[in-house]
Structure formats: C-alpha cells, structure tokens
Amino acid sequence: MTAATTSSVRPIPLRGGETERNGVDKEVIKRGFLNNLFYVQGKFPALATTQDFYLALAYTVRDQMLKRWVSTAQAYTQRKSRTVCYLSAEFLMGPHLGNNLINLGMYDMVRHAMSELGLVLDELLHEEPEPGLGNGGLGRLAACFLDSLATLEIPSIGYGIRYEFGIFEQQIVDGWQVEKTDKWLSRGNPWEIVRPEWAIEVPFGGVVEQHIDARGREHAVWKPGKIVKGIPYDTPILGYHNNTANTLRLWRAEAPESFDLSSFNRGDYYRAVEQKVASENLTKVLYPNDEPLQGKQLRLEQQYFFVSCSLQDMLRIMRIQRIPIERFHEKFTVQLNDTHPAIAVAELMRLLVDERNLPWDKAWSITQRTFAYTNHTLLPEALERWPLALFQAQLPRHMQIILEINARFLDEARLRFLNDVERIARLSLIDESGERHVRMAHLACVGSYAINGVAELHSELLKQDVLHDFHQLWPHKFSNKTNGVTPRRWMVLSNPRLTKLLDEAIGTHWVTDLDKLRSIEKFVDDASFTGRWRAIKRANKHDFALLVRRQTGVGIDPDSLFDVQIKRIHEYKRQHLNVLHIISLYLRLKAQPSLDIEPCTFLFGGKAAPSYRMAKLIIKLITSVGQVVNRDRATRDRMRVVFLPNFNVRNGQHMYPAADLSEQVSTAGKEASGTGNMKFAMNGALTIGTLDGANIEIRDEVGADNFFLFGLNSDEVRQTRAAGYAPYNLYHSNPHLREVIDLLRSGFFAHGDSELFRPLVDNLLGSDPYLALADFDSYCKCQERVNAAYRDVPRWTRMSILNTARSGKFSSDRTIHEYCRDLWKVVPESIPMLRPKAEFPIT
C-alpha cells in the first residue's frame, strides 16, 4: 500500500466469527485481511509496511486452509487411514502464497480484494521469502510429490528438517560465486504451526550394555551420551480444488534443558547455554560442508535426528489411533527419498526390538514390509557411506543392529551365490576395502520391499551397474517410476497467459489430468491459436527480459532465441560444453560478420556446492565469456550471455515460461532423470539434449522431429571409455575445437590471465571425465539445426505446441498414481468439510 493510497482505504468493521474465518467471498477476505493486520501484526494501514501487508494476507489465506487441514486430520484419525510417509532431507517448496491461492481457487478473487484495498497482489507475493530447504531436483521433486499426494487425496505426511538457514543465497562478485547466509526465517513463517506437545527425544553417542532379564533373555540397553529434543513444525499442503490438506512436518532440534541456571549463577555464562547451542546447531544449516570430520558427523546426526523423530511420531499416531504395533506396516508405508534417510531401517528395528520388545524376526518382517527406497543417482561417489568409527561413536546401538542385519543377510546371499566371495563382499553393508564404511544404499536395499529408479534408462542402469548384485538377488523388488512435476505450480501459477489460452481452448480439466493437453494438437494449424501462442511466449520473454535487466543490468532482446540452461552446476551436467559452443559461435561471427543466423541469448542459472572448485570455476567461465561477448560491438546484437544469480523456485517460475530452448546436455548415463526438462516442455520450450535420464522419454512422447538430439548414448559412452578415450587426440584432430580451446587458455576471457582457466582446460585435455570434447562437434552441429528451425516461425510454433500437448506423462500426478498402485497400495480418501462446534466433540 503506497503512501498515496494508504489514507484512502476505508476501514472495514473488524468482526470475528465462522463466516469471516472460513468464507470465500471477497468482502470476507478483506475483513480477514484487516483483522489479521490489526490483531496479528498489531498495525493499522497507515503504519504498516509491505511486509506487514504480506503477512496479514498470508494469515488470512491460512485461515481458509485451516478448516481443510483440521477436517483432513479428523478424517484420517477416525478412519485409521493407511498413510504414505515421505522421508526426505530436502523439501524445496518454493513460496507458498501464490500456490495456495491457486489450489484454493481464490487467486483472482484475492487479487481484486487487494486492489480494492489499494494493494497490488504481485508486490505482496514478492515479499515472501523462499524457504531454501533443498539443493535442487531432489527437494523440488519432494515438493511436487506432496502437491500431487494432496491433489489425488492420498493420506500422507512429509517428514524432513526445519533448517534455520537453507541453501545459501548466491551472489556473483567479479564473476565468482559468493555464498551468503539464507535467512529465510528472519521475519517469521506464517504458514507453519509449532507443536511442542509432540516433541520427541533423540539419543546420540554413549554406550550399549547387555542385560539379562528374568526369563534369561539378553537385551541391549543403550545409555546415550546426550539427548536432543525434536520439535515438530507443521505446514498444511493443499490439494487442488478439493478439501484435502495434508501435512509437511519439519523437525527443529533443541536442548532438553536450554538454560543451566547454576552455571549462570557461578558466572560461567557460556556453559549456561552450551547445551542449547550444541543441540540447535544440528538443524542450523542445510548440508554442512562434509569435508572435515566434524561436517561428516553433523550430517550423520542430522539424518538420524529427523528419521528418529519421524518414526517415533508414527508410533505416537498409532497409539492415538489404538493400532497394535504389529500392524505398523499396514498403517504406514515409508518412502526413503534417496539414501539420506536410510538409517530409518536400523532405527525402526531399534524401536521395535529395544523399545517395544518385539522378537528380531517379527521386527525385521515389519521393517522389510514398511520401507520403499528411491535411488536418485548413478554416480557412485553420491551413494552415501559413513566411516565405521564415526558411525560407531555417534550411533553405537545402530552399529550393532546393522552388523546383525548384515550377518543374517550375507548368510542368505551365500546360499544364493555359492563360493562367490567377491560378490558377497560387494553386497555387504560394510565396505571392507581400506577404511571400513557403512554403505547406506545397501542398507536401504536390504531393508526395503521395493527399490525404484526415476527414469526408464536410470532404472535399467541401476539393474545393470550400481545395484546389479541386488537386482540379481531380488529382481522382484526393482521397478521404474519416472519422475514428474506438478502443473499447478509450473504451469497454472508460473504461466497464467498460457493457462488462460488452454482453458479457453480445451476447458480446465487438464490441470488435474495433463494427458488432456493432447487435445490442443488439433490447433497446430489454426492461425488464431498459433498467433496467440506466439504472442504469449513473446510476452513471457519480455517480462523475463525486464527481470534480467533488474537483476544483472544486462539488456536482452525478447525476439532473440532464449537458450536456457538452469540447474545445479556440475561437470556431468556439462555447462562447460554449452560455453565451448558459445565460444565457437563467437569465433564464427568474428570471422564471418555476415553470417546469417538468428540472434541468440544464452541464459544460465544454478548454484555450485561451496567446496566444488571446478563447478565454481565453470560459473566464472560463464560470466567471463559473457563480459567479453556482451561488450563486443561486433557480436553483442547477435548473441548475449547472462548468468542469473541465485536460481531458485521463484526465478524458475519466470524462466521456464520464457525459454525457447531447454539445454539438457548431461553425459549419457549420468543424469538419473531431471525434472527441469519436464517443466520446459510443459511450457512449450524445445529440448536440445542427449539420450540421458528422462530426455529419452520426453523424446518418445513429443516425437523425434520435435526434439534436437545429439551426442553419444550410454552404450557408446561406455565403449568410448573402454577403447581408451584420449581427449587430446580430439583436440589435435579437430581444428575448430582446437581454436576454441586455444582461445580459452590464452587468457582472452580472463583479461590476459592464461592461468585462470588452466585447471578446466587441463581437465578437458587430460581426462575429460564427462566426454564434453567427444560430444562437442555433434553439439555444435545440432545447435545449427536449432537456429535454422527457429528461423522457420510456423515450424517452431508447431514444435512448441506439440511439446506442451504431449507432456502429459510428466505430471507428478501420474508418478504418484503409479507409486500408489504398484508399491504403496494406498487409495484416495475424500475429505468432508466439518463444522467445528458440531462435529469436534470433546471426549
């Protein structure tokens, strides 16, 4: 609310009551907004800041969500519903307000209500800090899954960690990534409700003693060295246009006794709060640097902390619903989102055997029927392993349990693989080569009833390579569940212009049944429809160009081809291959000023892990090439290079609808799936990519003619390496590649400093572990095909429409439906809306 409009707002009488708190008309929204501004924020409009107005609106929207949330909890409790528990170290939810307005069906109404109060909804949306509780695809996938679970009316709870500081805020200083603290909680979080009455105590360290009971049975008694309390913070997750509101439950660590008064009175002020500081450090930061031993210890403690809290919370729910412990696996199915929560296998055994006194065999039967494991990586170094000594010190009882699981498992494996000593060593939960480690992926495989990959190629490669021995032992456990993304956030919220066109053309049911987008294929030759399609893309690009100008100071042409690569910076994702092509194009334009090509804008975004030096050097390379290209008068009107800092969900909501070309150029056989590729396709971008991850399935769906394919496939990658790949030979034999590399290492893009990019050049010429040089020529030729296609406007428009029309498979609704049908055996449950006074009896 601006100063000019503040005084003109006519106060609305502040009244409470059921109608105001749960109604959905515009006047009720305005009354609720001013109620919350007055009673929650303690402000009146003339003194309120834009942040106050955002918070007042957020609380008003939350009021509308609470009736659904409480009704959902009531229904699940009364029915004792089978529930999906999704355990993930990351939940990259994105800003909540806009998504909640979409799912409530209130977006336009609230926009008008705010306008009548002299406020602009877009300005309030911008005030919301983004919860950075994830690093990339893993956390964003978890968020999409929660949206789909609620939309499909599946009883579910997401369990994770309430990091005080999320993934770092990325700034670019002199072309380098600089990490700043992500203080997402600094002004509060209106979407969560803390539940201290459901706090959990989690033990660490100490010793395990063996006791004999009165019946002569031996029992392990864990005497921990410390206890940490877990406090749950709950966030409602709405389904789209239904009454379901599931729960995301995130755990914050605190000390059981946060202040030692006796130490304080002695003048030892640090010791008075020492336990509080040490305990709260556990949930301070997402993914602490695990290069030092202390970092490894903290990450292990984080993972065990949230897993133990979550499993103990499930036991609490069973007590409330009076379900016998022997039916744990019937009440809950627990999905492990990668290896981070794999310690859950040992923790459930501890809770069942030590705390509930179940016999080992019974407890193991329950455990194996409870967990399902999703693998998200083909990189062996990304499969978590913990030094055995560290594990023993922090979790001594779990070490005993894992060794017992391993002994019994290997006895079973020996019966299947007679005298195959090497295979038994590969299967073992303990890596005995060199320093001993606990293999967490192996624990997840042994303790789960199902194991799945996240794209067809990924799942096959798991069976052939990473988890080959487990597949041979238990082929029935393995399946594929190709990832998906929610169209509510990534189309309806992100691309309202396209949503309006689709609604008018084919109705609104496509939002929850994305296969219905096939219906727009009949419009590919309709002049009116294709004209509007192009106008929408142009408008999205114009808006994005304004954002780029604000954030970077670089002007870009909305009529140029927007070639976009936004994802975590990693060598296997090959941002450097993209840059090599940009240098190649730059050299061609310098040599042939009259070269007839369409202008291109190359856009990058993504964060590098703080300790990943090569990835940070790639960011410096992108920005350095951009500085040269963008200031060269001979080329700057025909090509631009921009790195957009701090890529996150909010920025993604602008970038996906604006993109013309989606860069999915990872080395074949390295990307598990990818989900950005799906978001681009849904919004009408064309893909240039390898046969890797979900690219293969996107190409199958949209058609080979509507996909720009290049590079080696996964079999050819293996053959190239087996034949003794020598990247220097490619450099020597390809004059154009040599020209590109020589210009890079000359210091041309580094103000004459020939040493700056030497590590990158030496890596490419010496080993090129991700075969960027092997695919360079194919990639450059493919880019020429892209440019020619973009020039043919009717052809490009047709290809764009067909990419959207045929993207239905990549809805996370489809993925979740397959999980429910094939693995979880969970069915939808519709939620009736309840009236609190009449239908919540106090018993």
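Predicted model: local features only at pLDDT ≥ 70, side-chain atom pairs only at ≥ 80, totals over all residues.

Guide: Happy to; we'll start with cavities and a pocket, then turn to salt bridges.

Visitor: How many cavities of 30 Å³ or more does a search of the whole structure find?

Guide: The search finds 6. On a 1 Å grid over the protein atoms alone, a cavity is a set of points where a 1.4 Å probe fits but cannot get out, a pocket is an open set with protein on both sides within 12 Å along at least five of seven lines, and lining residues have an atom within 4 Å of a point. Grid points are joined across faces, edges and corners, and a volume is the space filled by probe spheres set on those points.

Visitor: What's the volume of the largest cavity, and what lines it?

Guide: The largest cavity holds about 140 Å³ of space. It has 15 lining residues, and Met 93, Asn 99, Asp 147, Ile 237 and Arg 489 are the closest to its centre. Helix H5 (97-104), helix H8 (137-151) and strand E9 (226-238) each give the lining at least two residues. Those labels come from DSSP runs numbered from the N terminus: helices (H or I) have at least four residues, strands (E) at least two.

Visitor: And what lines the second largest cavity?

Guide: That cavity has a volume of about 80 Å³. Its lining includes Met 93, His 96, Trp 184 and Tyr 233. At least two lining residues each come from E9 and strand E10 (245-254). By class there are 7 nonpolar, 3 polar and 2 charged residues; Ala, Val, Leu, Ile, Met, Phe, Trp, Tyr, Cys and Pro count as nonpolar, Asp, Glu, Lys and Arg as charged, and the others, Gly among them, as polar.

Visitor: What about the second largest pocket?

Guide: Its volume is about 590 Å³. Of its 24 lining residues, Ala 73, Gln 74, Thr 77, Trp 198 and Arg 249 are the closest to the centre. The largest share of the lining, 7 residues, comes from H4.

Visitor: Switching topic: how many salt bridges are there?

Guide: The count is 60. A salt bridge here is a side-chain nitrogen of Lys or Arg within 4 Å of a carboxyl oxygen of Asp or Glu. One of them joins Arg 408 and Asp 361, with the closest N and O atoms 3.0 Å apart. Arg 408 is in helix H16 (residues 396-416) and Asp 361 in helix H14 (residues 360-368), 47 residues apart.

Visitor: Are those two residues buried or exposed?

Guide: Arg 408 is partly exposed at 39% relative accessible area, while Asp 361 is exposed at 57%. Buried means under 20%, exposed over 50%, and partly exposed in between (1.4 Å probe, protein chains only).

Visitor: Which parts does the Arg 798 and Asp 525 pair tie together?

Guide: The side chains of Arg 798 and Asp 525 meet in a salt bridge (3.3 Å, N to O). Arg 798 lies in helix H34 (residues 793-805) and Asp 525 in the loop between helix H22 (496-506) and helix H23 (527-552), so the pair ties together parts 273 residues apart in sequence.

Methods:
Residues numbered from 1 in each chain as written. Heavy atoms only, no water.
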